[in-house]
Amino acid sequence: MSDPEPIRRIGLENVIVADTELSHIDGEKPELLYRGIDARELAEKSSYEETAYLLWNGELPTREELDGFREELTERRAVSRGVSEVVEHAPDDAVPMDVLRTAVSTSSVYDDVGETPRENAVSVLAKAPTALAAFGRAREGDETLEPRDDLDTAANFLYMLNGEEPDDRHAEILDTALLLHADHGLNASTFTGRVIASTESDIISAVTGAIGALKGPLHGGANQDVMEMLLAIDESDEDVSGYLDEMLGRGERVPGFGHRVYKEFDPRAEVLKEIAREVSETTDGPDWFGMLEEVEAYLREEKRIHEKGISPNVDLYSGTVYYSLGVPIDFFVPMFAVGRSAGWTAQVLEQYDDNRLVRPRAEYVGRNGVEYTPIDERE
Ligand code: ACO
């Protein structure tokens, strides 16, 4: 029997390569479901840790199960001396995503990350924010802080980064932002993680690879671009429309708008918009939310919204929210990674449950029959 005819799909768009019960994105409605529950409902009623449990286990935890899960996270939150030395000795100008990727990778060398895939997953979820916050303080010359047993992931991160316990609402806001980034189908970083897991490699390796994929500007990064755009407008003499006239005139895209799947609106942006509004009203400084409204109004006026199918995406609002919580701009993509760790680990666990090695093919378009030329005869 001859080999089946290969199908050519550069970029793998619309190719189904896995079954998943984790997250469902419906671009038409539009909605995002985690294990069948609307992410907007979870954002309102649940927490990041409870959502991670849901993604891993398929059901919401009972109170007892959630307490047990929180205890597991608490036990693994601290990083070992080996990891903290790597993080604290990183150059001040190191790229935070590189530091996070290295810290996660290094954890399997120095830390007790457990034996089972699930223990590895708990380790990633618990330690990644600790390592990131430690880098944030070390590069400012501040002493790094141990995680506290009485705080959850979001509150602990803000405490370890800013050096003071956050107020409840700020911790809750970060928690919601992490929850809204927890999973999003088979995007590039999640696919990377699943490919690594499909070789029966470990979760730490899979998440390390996923962080590397998220670092690329075609994947993460627009939230940072939005904040940099707002700061540039604030510092320039131009108003929003003058700035955008020039930006679009140069053929650039406005960060925070457009999505490959959501054409009407991004349900995550719907939730974060209200939070961005609240944060803007309760924080001193420039009215970032007002500026975002002006950017949106400009694009509406330009008939780009709806007619071109571009509407605000999650990155439009997450940046100003993180900024107002004291998270440095170059930590915005790492924050995305911290949130997405729940989904990456859940997807890897799902891959292990029904694994088949991911091994596509490439069409060879190179030369054939080329003879070897000895080095002295080469021109
Ligand atoms: N600003 C201005 N115009 C835009 C934008 C934008 N942000 N996005 C799309 N358009 C225009 C395109 O120029 C195109 O116009 P044309 O028909 O005249 O050529 C039209 O809208 C359709 O654009 P596509 O490229 O077909 O849209 P696609 O679905 O391929 O792109 C993407 C989606 C990559 C997200 C794009 O909208 C973009 O680059 N946005 C800015 C970056 C950004 O915010 N990324 C974060 C996405 S959310 C996330 O990853 C978490």
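Q: Which residues gather in the patch of negative charge on the surface?
A: In this predicted model, Asp239, Asp245, Glu281, Asp287, Glu294, Glu301 and Glu302 gather in a surface patch of negative charge, where a patch is made of residues with over 30% relative accessible area and no salt bridge, like charges being joined within 9 Å. A salt bridge here is a side-chain nitrogen of Lys or Arg within 4 Å of a carboxyl oxygen of Asp or Glu.

Q: Is Glu281 buried or exposed?
A: Glu281 is exposed, with a relative accessible area of 63%, exposed being over 50% with a 1.4 Å probe and protein chains only.

Q: And where is Glu281 found?
A: Glu281 is found in helix H13, residues 267-282, a helix being a DSSP run (H or I) of at least four residues and a strand one (E) of at least two.

Q: Changing topic, what order do the strands of the open sheet have?
A: The open sheet has 3 strands in the order S1-S2-S3, with antiparallel pairing; two strands pair if DSSP finds at least two bridges between them.

Q: Which strands stand at the edges?
A: Strand S1 (23-26) and strand S3 (37-38) do, each with a single partner strand, so one side of each is left without a neighbour in the sheet.

Q: How many bridges join S1 to S2?
A: There are 4 bridges between S1 and strand S2 (residues 31-34), and a hairpin joins S1 to S2 through 4 residues. His24 has Leu33 in S2 as its bridge partner, while Asp26 has Glu31.

Q: What should I know about the numbering and the model?
A: Residues are numbered from 1 along each chain as its sequence is written. Local features need pLDDT of at least 70 and side-chain atom pairs count only at pLDDT 80 or more, while totals for chains, interfaces and linings use all residues, and side-chain values use heavy atoms, with hydrogens and water left out.

Methods:
Patches are made of residues with over 30% relative accessible area and no salt bridge: like charges are joined within 9 Å, nonpolar side chains (Val, Leu, Ile, Met, Phe, Trp, Tyr) within 5 Å. Accessible areas come from the Shrake-Rupley method with a 1.4 Å probe; for residues, only the protein chains shown count as cover. Lys and Arg count as positive and Asp and Glu as negative; His and the chain ends are not counted. The place of a charge is taken as NZ of Lys, CZ of Arg, CG of Asp or CD of Glu. Buried means under 20% relative accessible area, exposed over 50%, partly exposed in between (1.4 Å probe, protein chains only).
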